[in-house]
Amino acid sequence: MKFIILTKSLWEEPPRLRRQLCDLLLRHGHSIVFYEKPRFLVAGPPKKISKNVTLVRTAFLIHHQLRINSILRFFNEIYEKAWINYTKNKIDKTAVIVNFNYDYVFVKKVFSNNKIVTIINDDFICQAKFNNGNHVKESLKITCQASDQVLAVSHELVDQLSPYGNVELFLPWAISSYRTPNKNIYQRKKLLIWGFIDGRIDEVFLQNIIEAHIEYEFLIVGPICDKFLPFIKKISERNQNISLIGTKSLTELPLDLILCAIVPYRIESRFG
């Protein structure tokens with residue numbers, strides 16, 4: 001089966017949910033057309049990088065954060081629809097559209113004969129920089145109502161989207177059997193920072209907590225953004241209680257020795 005994946009990420013980025021879903025589908029023998037993060041004004045040519053993976057990059061006219069009213073949304077819709085229609089090959093009715101873009105209000109107009117599954121994996125209303133997020137709410141509403149199935153990755157997002165129709169909870173990582181952890185908390189001397197390490201991290205908080213709790217080892221696990229790498233290297237050189245692990249699955253980590261995981265994001269961090 002063919003899956004058309006609509007995203008605002010790049011294929012070569014550190015794999016998060018969009019790419020992880022693609023890898024899962026490929027392992028089961030499906031083919032992927034992966035729409036990468038659109039470019040401003042000019043699209044790129046499609047690239048077939050393997051037998052079952054084709055990358056497509058279209059273009060947008062107005063950034064999704066700036067479409068603060070229906071007029072701006074309309075002009076961008078015309079532009080993006082034209083590029084998608086230009087770059088897409090003939091798609092039969094059996095192909096499934098998996099849409100990660102909350103602002104693709106036109107998705108049903110472009111793929112009118114296909115099943116559309118929209119996955120909402122972030123709080124885009126909270127991230128809105130203008131208009132109290134009202135334009136984002138409207139785009140979410142239209143996109144969800146244009147979809148045949150809507151999935152959300154947390155209970156909070158399910159509640160947020162439920163006024164727009166039926167929304168199902170989607171926890172793709174919750175497939176492992178539960179294992180009772182070691183209850184001796186006194187032997188747990190490690191703290192876990194697990195995820196994509198980038199500019200959303202509160203550098204001051206992270207440095208302060210590492211220096212204030214030298215009795216704990218801080219495991220930094222996951223890909224580190226190039227721009228953030230100098231800071232991570234600096235604090236790791238200054239402090240002996242940091243271990244840079246790289247990308248690992250949770251099953252590869254010493255969970256019985258980890259007291260808790262922390263998410264040291266900056267409160268004011270807003271990324272579209």
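Predicted model: local features only at pLDDT ≥ 70, side-chain atom pairs only at ≥ 80, totals over all residues.
Side chains of opposite charge can pair when their charged atoms come close. In the model, 11 salt bridges are counted. One of them joins D103 to K8, with 2.7 Å between the closest N and O atoms. This pair links distant parts of the chain, since D103 belongs to the loop between β7 (96–99) and α3 whereas K8 belongs to the loop between β1 and α1 (17–27), the two residues being 95 residues apart. D103 is buried, at 3% relative accessibility, while K8 is partly exposed, at 27%. D103 also forms a salt bridge with R67, at an N to O distance of 2.6 Å. Because R67 lies in the loop between β6 (59–60) and α2, and D103 in the loop between β7 and α3, this pair ties together parts that are 36 residues apart in sequence. Both D103 and R67 are buried.

Another salt bridge is formed by the side chains of K190 and E217, with an N to O distance of 2.3 Å. The partners are placed in two strands, K190 in β11 (residues 190–194) and E217 in β12 (residues 217–221), and are 27 residues apart. K190 has a relative accessible area of 18% and is therefore buried, as the value falls under 20%. E217, at 23%, is partly exposed. Through salt bridges that share partners, K8, R67, E80 and D103 are joined into one network.

Rolling a probe the size of a water molecule over the atoms shows where empty space is left. The second largest pocket holds about 180 Å³ of space. Its lining consists of 17 residues, of which K2, I4, V33, T54 and N89 are the closest to the pocket centre. At least two lining residues are supplied by each of the strands β1 (2–6), β2 (31–35), β4 (44–50) and β5 (53–57), and β2 gives the most, with four. By class, the lining of this pocket comprises seven nonpolar, five polar and five charged residues.

Three cavities of 30 Å³ or more are present in the structure. In the largest cavity, the space amounts to about 50 Å³. The residues S9, L10, W11, E13, P14, P15, R16, R18 and R19 line the largest cavity, and they divide into four nonpolar, one polar and four charged residues.

Helix α2 (residues 70–87) contributes the largest share of the patch, four residues. F40 is located in strand β3 (residues 39–40) and, with a relative accessible area of 51%, is exposed. L41 is found in the loop between β3 and β4 and is partly exposed, at 33% relative accessibility.

Most residues other than glycine have a negative phi. L41, however, has a positive phi near 75°. N131 likewise has a positive phi, of about 60°, although it is not a glycine. N131 is placed in the loop between α4 (124–127) and α5 (134–145), where its relative accessibility of 37% makes it partly exposed.

F111 occupies the loop between α3 (107–110) and β8 (115–120). This residue is buried, with a relative accessible area of 2%. The C-alpha atoms of F111 and N239 are separated by 53 Å, the two residues being 128 residues apart along the chain.

Note on methods:
Residues numbered from 1 in each chain as written. Heavy atoms only, no water. 1 Å grid on protein atoms, 1.4 Å probe; cavity = no way out; pocket = protein on both sides within 12 Å on 5 of 7 lines; lining within 4 Å. Points joined across faces, edges and corners; volume = space filled by probe spheres on them. Nonpolar A, V, L, I, M, F, W, Y, C, P; charged D, E, K, R; others polar. Buried < 20%, exposed > 50% of the residue type's maximum accessible area, 1.4 Å probe, protein only. Salt bridge = Lys/Arg side-chain N within 4 Å of Asp/Glu carboxyl O.
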